[in-house]
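User: I would like to learn how to read features off a protein model. Please walk me through this one.

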Amino acid sequence: MLSADIIEVDLDVNQPAELSFEAGQWISVPFGPKNVRAYSIASTPLSSRRITLCADVAPGGIGSAWFRGLAAEQAVEFKAPFGGFVFRRDDPRRSLFVAEEIGIVPIRSMLTWLYATGFGRPAMLAYWARDPEWLVYDAEFRSLVRRYPGFAYHPAVASTSDGPSDGASGLAAAVDRLVPDVARRVAYVCGGESMIHRVRDVLVAKGLDRKSVKWEKFW
Ligand SMILES: Cc1cc2nc3c(=O)[nH]c(=O)nc-3n(C[C@H](O)[C@H](O)[C@H](O)COP(=O)(O)OP(=O)(O)OC[C@H]3O[C@@H](n4cnc5c(N)ncnc54)[C@H](O)[C@@H]3O)c2cc1C
């Protein structure tokens, strides 16, 4: 448990013995015909025999129940990898990462992987959660800031007196403030649909091409 409603699990990969994937991709867990749940891989491609998942189980549906019920040594089946929300390392533009609550998962994989493998370029993360308990991996991002001067980290929570009350408002305002110009920018945005739209609107209003806003919608 990373907090009361957030569960992190490690899965050992047995068959096949390794899973090759790109940072930002996800797995699909089956719950019967035409019923699946997607979970982004929180760990990095550097570990192909053990992957980490991280879920917000507050929604309370079958995916949440599956996570809550996982036991040590239990066998699980899933399909992977999927998804095009991946970091293009050869892209020379300045990266902006934007995460709403558990939408941090694929971005945690990308940032950890990038800095673990010698990515020396600047990057910025704007991250919003309802309160500090929901700001998972916060300590890791603070550690990245200490080790990599080019990494800028801007967490925000709603529970402070002047904090924005929802992720869409909080992150739209943060991005507006933190990104004065969009020249040579690319954005990676993950969380709820309304937040993605609001953040994209802010960036497009500043002149960014829509295609330069890459996104993954969790809900
Ligand atoms: C590509 C992709 C990757 C994903 N990766 C992750 C991940 O790494 N971790 C993770 O926790 N979830 C992730 N999700 C969401 C996940 O697939 C499920 O939707 C989530 O776990 C809820 O499933 P459920 O069966 O418990 O609830 P459901 O009954 O499916 O959902 C109930 C309602 O809650 C909404 N909802 C789902 N998640 C949230 C949320 N976090 N906050 C607010 N509302 C929500 C749903 O849209 C739905 O309206 C991902 C989704 C996609 C599409």
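User: Is Glu101 buried or exposed?

Analyst: Some ground rules come before the answer. This is a predicted model, where local features need pLDDT of at least 70, side-chain atom pairs count only at pLDDT 80 or more, and totals for chains, interfaces and linings use all residues. Residues are numbered from 1 along each chain as its sequence is written, and side-chain values use heavy atoms, with hydrogens and water left out. Now the term: buried means under 20% relative accessible area, exposed means over 50%, and partly exposed lies in between (1.4 Å probe, protein chains only). Glu101 has a relative accessible area of 6%, so it is buried.

User: Where does Glu101 lie, and what is its phi?

Analyst: Glu101 lies in the loop between strand S6 (94-100) and helix H2 (104-116). Helices (H or I, at least four residues) and strands (E, at least two) are DSSP runs, numbered from the N terminus. Its phi is near 50°, a positive value in a residue other than glycine.

User: How far apart are Tyr127 and Glu101 in sequence and in space?

Analyst: They are 26 residues apart in sequence and 7.3 Å apart in space, C-alpha to C-alpha. Tyr127 lies in strand S7. With a relative accessible area of 0%, Tyr127 is buried.

User: Which side chain does Ser48 contact?

Analyst: First, the criterion. A polar contact is a pair of N or O atoms within 3.5 Å; within protein, one must be able to donate a hydrogen and the other to accept it, and residues adjacent in sequence count only if both atoms are side-chain atoms. The Ser48 side chain makes such a contact with the side chain of Glu18, at 2.6 Å. Ser48 lies in the loop between S3 and S4. Ser48 is buried because its relative accessible area is 15%.

User: Which peptide bonds are cis?

Analyst: Read omega. A cis peptide bond joins Gln15 and Pro16, with omega about -5°. Pro16 is found in the loop between strand S1 (6-12) and strand S2 (26-30). A cis bond also joins Ala80 and Pro81, again with omega about -5°. Pro81 has its place in strand S5 (residues 79-82).

User: How many residues surround the ligand?

Analyst: A residue counts as near a molecule or strand if one of its heavy atoms lies within 4 Å of it. Here 20 residues surround the ligand, and the closest are Arg37, Ala38, Tyr39, Gly63 and Ser64.

User: Which elements supply at least two residues of the shell?

Analyst: They are strand S3 (36-40), strand S4 (50-56), helix H1 (62-69) and strand S10 (213-217). S3 gives the largest share, four residues.

User: Which N or O atoms of the protein lie by ligand oxygen atoms?

Analyst: A side-chain N or O atom of Ser64 is 2.5 Å from a ligand oxygen. For the side chain of Tyr39, the distance is 2.7 Å. Ile62 uses a backbone N or O atom, at 3.1 Å.

User: How much of the ligand does the protein cover?

Analyst: Accessible areas come from the Shrake-Rupley method with a 1.4 Å probe; for residues, only the protein chains shown count as cover. On its own, the ligand has 910 Å² of accessible area, and the protein covers 73% of this.
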